Amino acid sequence: MRRADEAAVLQTYRTLPAERRREIAAVSSPQLRTRLVAIEREMALDRSPGSMAAVLTEGREMQASHLAQIDAAFERVAAGQPTRLLLTMPPRHGKSRRAARWAPLWYLRRRPDHRVMIASYSSDLADDHGRWIRDAILAYGPQIGVALRPGSSAANRFDLDGSEGGFVAAGVGGGLTGKGAHLAVVDDPIKDAAEAASPTMRRRLWEWWQAVLLTRIEPGGSVIVIQTRWDEDDLAGRILAEEAERWTHIDLPALALSENDALGRPVGTALWPERYDEPALEEIRRSVGERVWWSLYMQQPRPMEGGVWQWDWITDHRISAAQLRGIDLARIVVAVDPAGGESAVGDECGIVAAARDRDGHLYVLDDRSGNLGAETWGAETCLLAIELRADAIVIESNFGGDMSRQIVQQAWQELQREGRTEGMLMPAILSVTAKQGKRLRAEPIAQLYEQGRVHHVGQWPTLEQQMVRWVAGMDSPDRMDAAVHALTQLADPMHSAVGSASYRDGRLSGRR
């Protein structure tokens, strides 16, 4: 084969899918196979930061699906797509090693004409990242095709040989004089809880962000912020509050919180089970306490104090589904707070089921809330009522009350036509007109929690974190409102006498 023809074949080989490349390698001569192995190695070095790390460390570097999210962001930037990415994830999950070390090294291989900037809460930490990248270039330079310019090897600033590319590191709050950056990586901009709790420090960080870092970005440049959440008003919180439409936010809590998880995890699934499985994370939660757990690990910071609910009121009285089976329930209701009411918190429809036993204790049984349209939430509400054999559906009627009632009735009739109501009588539809302020509605229920008279059956992470984060004056989330409506209906003395005799159709007969 002529050299030109061989070069063309090898170039085509690079464009083929992996399965086809394996087929070609299997029938190639030893000499050609050696060339193909070299091409495969080069392709792996180019593919992603994680792939390059695996090649250079002979498979020793840690790999995980959440780290692949970091890889994907750098791949987009290297491909010339201007990117504003905010990635929030818990500590000790490999984010700094991948985002502030391997990924910038990979990026400089792919774009040696570009300049990379790394900023962290202190210049020492940023310099550590720079030192690691510099030493990696010295160690792996011949393999990745990158070399330092002679005489340029400081840990906090160096240039690449034969190009205009290079690296600069800085601590948050420090100056960034000199050349700009095509890519800025802000990794762990907050040092600790004390710094996060200081309004002065948070203000200084934001001022530095606006006046220093962003002014150093080259036209068409990219910014990647990777941090653990500390406070509602930390850098990530301020970005989401003021610039959310310009940013892509990938949120990776230690345990999946919703069905819309960025990795597609089922609710309650660990982020990195090979290192921290669910029992290990539960032990961490007990050790660090609820505030630290929800902020640093779940990326859901909440106010320090002043909330209507306290964590231990929920966690100290939680029971399991097995324990519930031994309890004699007198009533079960499903409460609905349709989206689009007075709440400005998200656009969820709250659907929460609760029960009362014959001793007056209350139980939160299920939370089916979500971003549901009118064509969906009615059926979801009715299906939950059928599943739990609820005797009533409670609907907030402040906004579109008659329409909400009609949606539930139509949904039930449709399920009945489909034979899915299991011969069950339609639950009573009870309208709630929330005349009182949200705090006045919530406080009596919170007092029952404090007295240990409300029990969550299993864990309902989103509902629970919404409860403990809510303070007077805030718009309240719809799922929290739904829970309050359900528990108020069951606890209200005006309704405490509801029992078998109150329903002439006998819908409560046979209930434990």
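The model is predicted: local features need pLDDT of at least 70, side-chain atom pairs count only at pLDDT 80 or more, and totals for chains, interfaces and linings use all residues. Residues are numbered from 1 along each chain as its sequence is written, and side-chain values use heavy atoms, with hydrogens and water left out. Helices (H or I, at least four residues) and strands (E, at least two) are DSSP runs, numbered from the N terminus.

**Cavity**
- A cavity is a set of points, on a 1 Å grid over the protein atoms alone, where a 1.4 Å probe fits but cannot get out; lining residues have an atom within 4 Å of a point.
- Grid points are joined across faces, edges and corners, and a volume is the space filled by probe spheres set on the points.
- The count is 1 cavity of 30 Å³ or more.
- The largest cavity has a volume of about 40 Å³.
- Its lining consists of Arg-202, Leu-205, Trp-206, Asp-233, Asp-234, Leu-235 and Arg-238.
- The largest share, 3 residues, comes from α9.

**Helix α12**
- Helix α12 (residues 290-297) is mostly covered, with 6 of its 8 residues buried.
- Buried means under 20% relative accessible area, exposed over 50%, and partly exposed in between (1.4 Å probe, protein chains only).
- The buried residues are Glu-290, Trp-293, Trp-294, Ser-295, Leu-296 and Tyr-297.
- Their cover includes α11 (278-288), α13 (311-315) and α18 (461-469).
- After α12 comes Gln-299, whose phi is positive, near 60 degrees.

**Salt bridges**
- A salt bridge is a side-chain nitrogen of Lys or Arg within 4 Å of a carboxyl oxygen of Asp or Glu.
- The whole structure holds 31 salt bridges.
- Asp-187 pairs with Lys-95, with the closest N and O atoms 3.8 Å apart.
- Asp-187 lies in strand β5 (residues 181-187) and Lys-95 in helix α6 (residues 95-110), so the pair ties together parts 92 residues apart in sequence.
- Asp-187 is buried at 0% relative accessible area, and Lys-95 is buried at 5%.
- Glu-464 pairs with Arg-318, with the closest N and O atoms 2.7 Å apart.
- This pair links distant parts of the chain, 146 residues apart: Glu-464 is in helix α18 and Arg-318 in the loop between α13 and α14 (321-324).
- Glu-464 is buried at 1%, whereas Arg-318 is partly exposed at 21%.

Key:
On a 1 Å grid over the protein atoms alone, a cavity is a set of points where a 1.4 Å probe fits but cannot get out, and a pocket is an open set with protein on both sides within 12 Å along at least five of seven lines; lining residues have an atom within 4 Å of a point. Contact means heavy atoms within 4.5 Å.
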